[in-house]
Amino acid sequence: MRFAPSPTGMFHVGGARSALFNWALAEQSGGRFVLRVEDTDAARNRPEWTEGIISALAWIGINGESPYFEGPYFQSAYEEQHRAASAKLVADGKAYHCTCTRDDVKARTGSEHQGYDGFCRDRGLREGAVRFRTPDTGVTVVDDLVRGRVEFPNAAIEDFVVARGDGSPLFVLANVIDDIEMRITQVVRAEEHLSNTPKQQLLWQALGVTPPVWAHVPVIVNEKRQKLSKRRDKVALESYRDEGYLPEAMVNYLMLLGWGPGDDREIMPWSEMVPLFRLADVNPSPAFFDEKKLRAFNGEYIRALPAEVFARRCEPWLDPSWSRETFAKVAPLAQTRIALLSEITANVDFLFLDQPVFDQPSWDKAMKPGAADILSGYLDRLENVSFDPESLKAALEEVGLAHGLKLGKAQAPVRVAITGRTVGLPLFESIEVLGRAAAMDRLRAALAKLQA
């Protein structure tokens, strides 16, 4: 895989999907996933951006700890080979120097939209940019494992520039030479690069090397079937990581964007997907990135974690001052209710605060006329009730019955008084962990707030 460092500091989920397809192929064949960083553009070349690529890949399990990983390599290290290839193409008559500007072409053709007209093909210049001499007739055929046979009429491919006037290579040539130097046999990349492929294939052939196997995977779109855009959509892999998505859930979901195992299963570990994956089974149609479905996947994976692993995964979202012993008591309750690890904070913070932070809409919804009677009645019961969930529930049921309310209605003001919210962990287990004194203090504080 080749990646250009992004000035936005983000790693696109589409790039992650392509990387995983490549990674699966490397594991299947015992080959190598080659990470190459395109660092020749100084404006896009910063160490922190490159580290961002490496970190994002490592999060989804693609890293140097595996025997299938090779790199990172840097495109700038191959400049000598790039220049030599450009010179060879000229020497072999397969490329030529050109001094034409865009204005020159426009003046000759009368159109600013027409491609290069081949003016310098036979001038025998010894300086200027280097253009590849594209065949005038016939077609360049790209055999794509996803899209089948794709034909590009050579007459529609202009003599394209492969090196600038100072000898520095353009991407189209540098990419081919890097692939040759690194013995790349399969190129799996996004559909948007398909239009570059005939030019690259012509270069491979002109240099006397067999082109790699091509596969262009489908574009990823949003709910409006628009291509995912960093300006409009949430596309950064890091943002999902920082929200508390599990890498194994993200890997599972991304692998299913355009591919399926051929049965009704969707939730499946990487180890089961790899032997089933086939590029020929990838659907060329656009793949919908459904964040709601990804969230559901993540919830499934969270619930499947061993309790101790779940508690450990929650650590980044827990305040260092919070008692881990107390958290361990409610972690199993939270595990069944959250879909993102980041949601753990709002579910358990009430246990570690002197008073809960009241969510105003929750307060307004729960503290209706009669709420004070429920709080007062339950406060009286807590003085002597056995402090276990069953007894705490029975006590509130009695209070509710005395006021003509079922448990669901009676517990709403109590829940908000205890936790600050209308939804959260099971109420009576939460009260038990909070403790008698703290629970009674919160009921008194809520009563005071109501009566103020």
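This is a predicted model: local features need pLDDT of at least 70, side-chain atom pairs count only at pLDDT 80 or more; totals for chains, interfaces and linings use all residues.
Trainee: Which side chain meets E272 in a salt bridge?
Mentor: A salt bridge here needs a side-chain nitrogen of Lys or Arg within 4 Å of a carboxyl oxygen of Asp or Glu. For E272 the N to O distance is 2.8 Å, so the pair passes that test. The partner, itself partly exposed at 36%, is R265.

Trainee: And how many salt bridges are there by that rule?
Mentor: Take K88 and D92 as one of them: their closest N and O atoms are 2.9 Å apart. K88 is partly exposed at 41%, and D92 is partly exposed at 38%. Go through the model with that rule and the count comes to 26.

Trainee: About how far apart along helix α19 are D441 and R444?
Mentor: Helices are DSSP runs of H or I with at least four residues, strands are runs of E with at least two, and both are numbered from the N terminus. The side chains of D441 and R444 form a salt bridge (3.1 Å, N to O). D441 is partly exposed at 40%, and R444 is partly exposed at 40% too. Being three residues apart in α19, D441 and R444 are separated by about one helical turn.

Trainee: R442 sits in that helix too. Which side chain of opposite charge is nearest to R442?
Mentor: R442 is in α19, residues 436–451. For charges, Lys and Arg count as positive and Asp and Glu as negative, while His and the chain ends are left out. R442 is buried yet has no salt bridge. At 6.8 Å, the nearest side chain of opposite charge is D354.

Trainee: Which helix holds F297, and is that residue buried or exposed?
Mentor: The helix is α10, residues 291–304. Contact means heavy atoms within 4.5 Å, and beyond four places in sequence F297 touches residues including A249, Y253 and L256. With a relative accessibility of 4%, F297 counts as buried.

Trainee: Now the sheet. What is the order of the three strands?
Mentor: Two strands pair if DSSP finds at least two bridges between them. β5 (residues 129–132) and β8 pair in the antiparallel sense over two bridges, with R131 bridged to V161 of β8. This is an open sheet with antiparallel pairing, and its order is β4-β5-β8.

Trainee: Why is one side of β4 and of β8 left without a neighbour in the sheet?
Mentor: Strands of a sheet pair through backbone hydrogen bonds, either parallel or antiparallel. β4 (95–98) and β8 (161–163) stand at the edges, so each has a single partner strand.

Trainee: At about what angle does α3 run to β4?
Mentor: Axes are lines fitted to C-alpha atoms, for helices over the stretch in contact, and angles run from 0 to 180 degrees between N-to-C directions. Helix α3 (residues 79–91) lies across β4, β5 and β8. The angle to β4 is about 100 degrees.

Trainee: How many disulfides are there?
Mentor: The rule asks for a pair of cysteine sulfur atoms within 2.5 Å. By this rule the count is zero. C100 is in no disulfide, since the nearest cysteine sulfur, that of C120, is 3.5 Å away. C120 is buried at 0% and C100 at 16%, but the count of disulfides stays at zero.

Trainee: Last one: what is the phi of R183?
Mentor: R183 lies in the loop between α5 (171–181) and β9 (186–190), and counts as exposed at 63%. R183 is not a glycine, yet its phi is positive, at about 60 degrees.

Note on methods: Residues are numbered from 1 along each chain as its sequence is written. Side-chain values use heavy atoms; hydrogens and water are left out. Buried means under 20% relative accessible area, exposed over 50%, partly exposed in between (1.4 Å probe, protein chains only).
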